[in-house]
Amino acid sequence: MTTLQSAKSFEVFHRIQPQEYLRRFLEQSVRPDGRSLDRFRKTLITTGSISTADASAMVRLGGTTIVCGIKAEVCEPHVERPNQGYLVPNVELSPMCSPKFKAGPPPEKAQAVSEFIHQLFINSDIFPLESLCIDEGKAVWALYADMVCLNYDGNILDASLLAVVAALSKLVLPKAHVSETMLVEADATQRVPVFAMARIPIASTFCIFQEPTVLLSDPNEAEEALTKETVTVVMDTTGQVCHVYKNGGNTVESSVLRTCFERGMQRTKEMAGLIKQA
């Protein structure tokens, strides 16, 4: 059999029996893309990629590429939180990034990731919303973080959080105040950092396969489609666990979770360094 025929045979086998195809690789402790079981894909972070946004970042996680742009607007605060602004994340997954997504209302995955990020920032005290207050009870900043996926190859949650955190780390806003006539006056020539992000949250997602039982770091699209169990660990640079999310019905053993935390801590340190360099 020639090399070309062998390659075609593997391709046919992959299409007909994707689960068995992957299983044979995992039995050899390697993945079809050549990575070891615990290896994350190459990650690149650039900031300032959108000149019309108040802050922006682009993240490439393997084949997944996402761009985050943040626009700031002045609005009235919530009655129950007069000294807090707003952070509104929105993830867009369109047919442009993958044929698996259709035009029309946002897909369930996009809504789930948007809500995950929103709840993370609200409940984990990572982002001080008080820093967005212009004048308590009168005016605050609302940050609209739009994350657009340009190419989808799995693990959109890790990439989205990484993009919004990288953009927020570079955010500067015009110096503003409320005048005596109750108008908000902003000086675009004086832009100041909103806050210092001391805690940088990084998400690390893993998928769990049975037969053989293996834990894969940073699953790509093909691996996501074949697994029923995923675990996402969000940790900050101080080593604190901000959030743990599990998808699937089976129980995860404590030893597996411990491995997730160990890999997640190492991943967090690496990504925090990339953000500071971006």
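**Close-up 1. The F121 and F127 ring pair.** F127 is buried at 3% relative accessibility, where buried means under 20% relative accessible area, exposed over 50% and partly exposed in between, with a 1.4 Å probe and protein chains only. F121 is buried too, at 4%. This is a predicted model: local features need pLDDT of at least 70, side-chain atom pairs count only at pLDDT 80 or more, and totals for chains, interfaces and linings use all residues. Residues are numbered from 1 along each chain as its sequence is written, and side-chain values use heavy atoms, leaving out hydrogens and water.

A pair of aromatic rings is described by the distance of the centres and the angle of the planes. Rings of Phe, Tyr and Trp (its six-membered ring) pair if their centres lie within 6.5 Å; planes under 30 degrees apart count as stacked, over 60 as edge-to-face and the rest as tilted. By this rule there are five aromatic pairs. The centres of the F121 and F127 rings are 6.3 Å apart and the planes stand at 75 degrees, so this pair is edge-to-face.

**Close-up 2. The F101 and Y152 ring pair.** Five aromatic pairs are counted. One of them joins F101 and Y152: the ring centres are 5.2 Å apart and the planes meet at 85 degrees, so the pair is edge-to-face. The two residues are 51 apart, and the pair links distant parts of the chain. F101 sits in the loop between β4 and α3, and Y152 in the loop between β6 (139-151) and α4. Helices (H or I, at least four residues) and strands (E, at least two) are DSSP runs, numbered from the N terminus. F101 is buried at 6% relative accessibility. Y152 is buried as well, with a relative accessible area of 4%.

Close-up 3. Helix α4 covers residues 156-168, 13 residues in total. From first C-alpha to last, α4 reaches 18 Å, close to the 18 Å expected at 1.5 Å a residue; the expected span is 1.5 Å times one less than the number of residues. Of the 13 residues of α4, 13 are buried, so the helix is largely enclosed by the rest of the structure.

A167 belongs to α4. Its relative accessible area is 0%, so A167 is buried. Leaving aside residues up to four places away in sequence, A167 touches A55, S56, A57, C68 and I70, contact meaning heavy atoms within 4.5 Å. The C-alpha atoms of A167 and C68 are separated by 6.9 Å, although the residues are 99 apart along the chain.

**Close-up 4. The largest pocket.** Its volume is about 560 Å³. The search uses a 1 Å grid over the protein atoms alone; a pocket is an open set of points where a 1.4 Å probe fits, with protein on both sides within 12 Å along at least five of seven lines, and lining residues have an atom within 4 Å of a point. Of the 20 lining residues, K109, A112, T230, Y245 and N247 are the closest to the centre. Elements giving two or more residues to the lining are α3 (108-123), α4, β11 (229-235) and β12 (241-247). The largest share, six residues, comes from α3. The lining divides into eight nonpolar, six polar and six charged residues. Here Ala, Val, Leu, Ile, Met, Phe, Trp, Tyr, Cys and Pro count as nonpolar, Asp, Glu, Lys and Arg as charged, and the others, Gly among them, as polar.

**Close-up 5. The second largest pocket.** This pocket has a volume of about 320 Å³. It is lined by 15 residues, with R81, Q84, F121, I122 and L129 the closest to its centre. At least two lining residues each come from β4 (86-92) and α3. Eight residues of the lining are nonpolar, four polar and three charged.

**Close-up 6. Two residues with positive phi.** S29 has phi near 60 degrees, a positive value in a residue other than glycine. S29 lies in the loop between α2 (18-26) and β1 (43-47) and is partly exposed at 48% relative accessible area. D218 has phi near 55 degrees, also positive in a residue other than glycine. D218 is in the loop between β10 (214-217) and α5 (221-226). With a relative accessible area of 0%, D218 is buried.

**Close-up 7. L257 in helix α6.** Helix α6 (residues 254-277) contains L257. L257 is partly exposed, at 26% relative accessible area. Apart from residues up to four places away in sequence, L257 touches V231 and V252.

Notes. Grid points are joined across faces, edges and corners, and a volume is the space filled by probe spheres set on the points.
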